[in-house]
Amino acid sequence: YLRQIGQTGLQIGVLSSVRPLAMLFSQPLWGLAADVWGRRRTLLLAASASAVLVLGFALGRGFGFFLAWNVVLALFLNPIIPLNDSLTLDYLEDKPHLSYGKIRWWGAAGWGLAALVMGRFLMGRDLRLIFVAGSALMGLYSLLVWRGGRRERAGVSLKRGWRGARDLLRNRQLLVFLALVAML
């Protein structure tokens, strides 16, 4: 889509690097938000905001717009998979007959099927429809998060959460490990 509307390979590469870069800075804040507000509520916020924000890509044209919009969207998209995985593991605690691997397998199969169906659907059509479809599916996901599973109480206070962050930042071994992972 980006190539089709005139973005260069370099611009597309820069836009592709935004999400992992934003993840480095936003994940600790989302983790703190999940500790304070609860994982399900935080996931609902991130998914609902993403459902709305993804539509913005259909409106933009210039590199500056896509860069700024991609940063904002990445900040809300990044916590979705880790929070979803965390809630899945919570769900599995009460279901010893199920395994995380089976759930992930079905998720991967669903992802592959959705890519195939969307690819067929988009052939010969305006590619901006992918943003409408993505928004609709993320909205459906938000509804499922809102309706699903057991309710949880918020965890730690904001003050206690920041104190924990400070303690983590003082852990030299952890910081070295995270730096190595970031370089990898």
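Author: A crossing of two helices is left-handed if the near helix is turned anticlockwise from the far one by less than a right angle, and right-handed if clockwise. The answers below concern a predicted model.

Reader: Is the crossing of α2 and α3 left-handed or right-handed?
Author: Helices α2 and α3 pack with their axes 8 Å apart, at an angle of about 150 degrees. That angle makes α2 roughly antiparallel to α3, since an angle over 145 degrees counts as such. By the definition above, the crossing of α2 and α3 is left-handed.

Reader: How many nonpolar, polar and charged residues has the contact of α2 with α3?
Author: From α2 the contact takes Leu 45, Ala 46, Ala 49, Ser 50 and Leu 53. From α3 it takes Trp 69, Val 72, Leu 73, Phe 76 and Leu 77. Sorted by class, the contact of α2 with α3 has 9 nonpolar, 1 polar and no charged residues.

Reader: How many helices and strands has the chain?
Author: Read along the sequence, the chain follows the pattern α-α-α-α-α-α-α-α. The count for the chain is accordingly 8 helices and 0 strands.

Reader: What does the C-alpha trace of the chain span along its principal axes?
Author: Buried residues make up 26% of the 184 residues in the chain. Of the contacts in the chain with a separation of 6 or more, 74% join residues 24 or more positions apart. Along its principal axes, the C-alpha trace spans about 50 × 40 × 25 Å.

Reader: Is α2 roughly parallel or roughly antiparallel to α6?
Author: Helix α2 covers residues 39-53 and helix α6 covers residues 129-147. Their axes lie 8 Å apart, and the packing angle is about 160 degrees. Because that angle is over 145 degrees, the relation of α2 to α6 is roughly antiparallel.

Reader: How many nonpolar, polar and charged residues has the contact of α2 with α6?
Author: Helix α2 passes α6 in a left-handed crossing. On the α2 side stand Arg 40, Leu 43, Leu 44, Ala 47, Ser 48, Ser 50 and Ala 51, and these meet Ser 135, Met 138, Gly 139, Tyr 141, Ser 142, Val 145 and Trp 146 in α6. By class, the contact of α2 with α6 has 8 nonpolar, 5 polar and 1 charged residues.

Reader: Which helices do the buried residues of α6 pack against?
Author: Helix α6 has 19 residues and reaches 27 Å from its first C-alpha to its last, close to the 27 Å expected at 1.5 Å a residue. Its buried residues are Phe 131, Ala 133, Ser 135, Met 138, Ser 142 and Val 145. The buried residues of α6 pack against α2, α3 (63-77), α4 (80-93) and α5 (100-122).

Reader: How do the residues of the contact of α1 with α2 divide into nonpolar, polar and charged?
Author: In α1, Trp 30, Ala 33, Ala 34 and Trp 37 make the contact. They meet Arg 39, Arg 41, Thr 42, Leu 45 and Ala 46 in α2. The residues of this contact divide into 6 nonpolar, 1 polar and 2 charged.

Reader: Which residues does Asn 70 touch, not counting residues up to four places away in sequence?
Author: Asn 70 is found in helix α3. Its relative accessibility is 15%, so Asn 70 counts as buried, the limit being under 20%. Beyond four places in sequence, Asn 70 touches Leu 15, Val 18 and Phe 57.

Reader: Which residues is Ala 22 in contact with, leaving aside its neighbours within four places in sequence?
Author: Ala 22 has its place in helix α1, and with a relative accessible area of 11% it is buried. The C-alpha atoms of Ala 22 and Gln 4, 18 residues apart along the chain, are separated by 25 Å. With neighbours within four places left aside, Ala 22 is in contact with Ala 74, Leu 75 and Asn 78.

How values were computed: Residues are numbered from 1 along each chain as its sequence is written. This is a predicted model: local features need pLDDT of at least 70, side-chain atom pairs count only at pLDDT 80 or more; totals for chains, interfaces and linings use all residues. Side-chain values use heavy atoms; hydrogens and water are left out. Axes are lines fitted to C-alpha atoms, for helices over the stretch in contact, and angles run from 0 to 180 degrees between N-to-C directions. Helices (H or I, at least four residues) and strands (E, at least two) are DSSP runs, numbered from the N terminus. Angles under 35 degrees count as roughly parallel, over 145 as roughly antiparallel, 65 to 115 as roughly perpendicular and the rest as oblique. Contact means heavy atoms within 4.5 Å. Ala, Val, Leu, Ile, Met, Phe, Trp, Tyr, Cys and Pro count as nonpolar, Asp, Glu, Lys and Arg as charged, and the others, Gly among them, as polar. The expected span of a helix is 1.5 Å times one less than its number of residues. Buried means under 20% relative accessible area, exposed over 50%, partly exposed in between (1.4 Å probe, protein chains only).
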